[in-house]
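Below is a model to look at. A set of questions and answers follows.

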Amino acid sequence: MAIGSKLPHVGTTIFTVMSRMASEEGAINLSQGFPGFGADPVLLELVGKYTRDGYNQYPPMSGIPQLRRRLAEKTELTQIYFPDPETEVTIVSGATEALFSAVTAVVRPGDEVVLLEPAYDSYEPAVTLNGGVPVYVPLNAEDFSVDWERVEKALSPKTRLIMVNSPHNPSGYVWTEEDIDSLATLVRDRDIYLVSDEVYEHITFDGRKHISLGSHPELRNKTFVCGSFGKTFHVTGWKIGYCIAPSDMTVEFRKIHQFLTFTTVTPIQYALAEYLEEPNRYLSIPAFYQSKRDLFAGGLTRTGLIFTPARGSFFQLASYGHLSQIGDRELAERMTRRLKVACIPVSVFYSDRRDDKFIRFCFAKEEAELFEALERLQGLPEIL
Ligand SMILES: Cc1ncc(COP(=O)(O)O)c(C=O)c1O
């Protein structure tokens, strides 16, 4: 009996492939997006404390009230609006779950969903598994900003949802106020929902500020804001995130969440609730990453690669088309095997795998590791 795949185009993701290759080759792994340093010992201690104190059974389905309140307070401090912790905030098992549940809550068979490319790899499967039809719109080639005319042209009476991501993976682009206003104008008189992937909300550079779609009074009524404590506090393996959405949308979101995971790990929820009492723990994150971004971008100028320093996220994109026409997958493999530095070929973020000769590095690593990687990347001309 043949199972008949629901996702025939999905294989092992490039992130797994490159991380495996990096480990086989003893390469510095700048491919997958996870921090190469530990979390704050205070947070680790809190998890230990709550585990030992017996906070180990199912918590409430929508998340413990303390954590929902702290998150609402954080949102008020950073985005100047206070979502109702009771009816508008849900704690889930990572942003991946938030994105999947939000898409599932609104997308019906035949609905069209606009995806801006390059796009994070979990969006498309979430759409197709729900019978939705992805409609791809490329971002501007120069800086990965949004081409609003193209987005407008992609809309149809069947458009049900637009998925957006800022700060953006893989490009590091951060939406401006104008971007948000353009989106608001576009969806003003249309019945279109928005899923806003904001997992890098606390990683922005050069004085830029992340603007949540939730902070916009009109967009707030149409948007599922999806976030990740894992990304913010350097604990990606904990898989804990959240969704903020208006109460009627949250009712539907929770119906999905309830039967997908029901809830998420109890002692970590208590630990985060206590940890978030001190706002500096997230307000200090931009400065922490700025020095890494500066160090990496500074060193990259000596490699011959062309790039614009990332405006946000912990990824640096770089192009090599002026140096060589080899495929980006081939370059990533050569770099891993011969220079012992792993990166991600950006073609994997496009539905048609188009290859614009970009590679992506993750600079969420210890300084010594970044220095060593930059040293090795000096050998780039030898492998092109
Ligand atoms: C843009 C983007 N969205 C979502 C996620 C997933 O977040 P989480 O680990 O909280 O599920 C990632 C992780 O790499 C990401 O880069």
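Q: How many Å separate a polar side-chain atom of N169 from an oxygen atom of the ligand?
A: The model is a predicted one, and the distance is computed from its atoms. N169 is among the residues that surround the ligand. A polar contact needs N or O atoms within 3.5 Å. The polar side-chain atom of N169 and the ligand oxygen lie apart by 2.8 Å.

Q: Which residue has a side-chain N or O atom 2.5 Å from an oxygen atom of the ligand?
A: The residues around the ligand include G94, A95, T96 and Y120. From this list, the residue with a side-chain N or O atom 2.5 Å from a ligand oxygen is T96.

Q: What percentage of the ligand's exposed area does the protein bury?
A: K231 also puts a polar side-chain atom 2.7 Å from an oxygen atom of the ligand. Taken alone, the ligand exposes 400 Å². Of that area, the protein buries 93%.

Q: How many charged residues are in the shell around the ligand?
A: The shell includes D197, K231 and K239. Asp and Lys count as charged. Sorted by class, the shell has 4 nonpolar residues and 5 polar ones, and the number of charged residues is 3.

Q: What is the omega value of the peptide bond from S166 to P167?
A: P167 is placed in the loop between β5 (159–165) and α7 (177–187). The bond from S166 to P167 is cis. Its omega is near -15°.

Q: Where does I80 lie?
A: Most residues other than glycine have a negative phi. I80 is not a glycine, yet its phi is positive, about 60°. I80 lies in the loop between α3 (65–79) and β2 (89–92).

Q: Which backbone oxygen does the side chain of T104 reach at 2.7 Å?
A: T104 is placed in helix α4, residues 95–106. T104 touches N130 and I256, leaving aside residues up to four places away in sequence. The backbone oxygen that its side chain reaches at 2.7 Å belongs to F100.

Q: How far apart in space are the C-alpha atoms of T104 and A126?
A: In sequence, T104 and A126 are 22 residues apart. In space, the C-alpha to C-alpha distance is 7.3 Å.

Q: How many residues does domain 2 give to the contact with domain 1?
A: The protein is divided into domain 1 (14–32 + 284–383) and domain 2 (41–282). Their centres, taken over C-alpha atoms, are separated by 26 Å. Domain 1 gives 23 residues to the contact, and the number from domain 2 is 31.

Q: What percentage of the chain over residues 28–377 is helix?
A: In an unreviewed UniProt entry, residues 28–377 are annotated as "domain: Aminotransferase class I/classII large". Over these residues the chain is 15% strand, and the end C-alpha atoms are 11 Å apart. The helix share is 39%.

Key: Residues numbered from 1 in each chain as written. Predicted model: local features only at pLDDT ≥ 70, side-chain atom pairs only at ≥ 80, totals over all residues. Heavy atoms only, no water. Near = heavy atom within 4 Å. Polar contact = N/O pair within 3.5 Å; in protein donor to acceptor, adjacent residues only side chain to side chain. Areas by Shrake-Rupley, 256 points an atom, 1.4 Å probe, with all protein chains shown as cover. UniProt positions renumbered as here; feature names shortened; annotations may be inferred. Helix = DSSP H or I, 4+ residues; strand = E, 2+ residues; numbered from the N terminus. Domains from an automatic or database assignment. Contact = heavy atoms within 4.5 Å.
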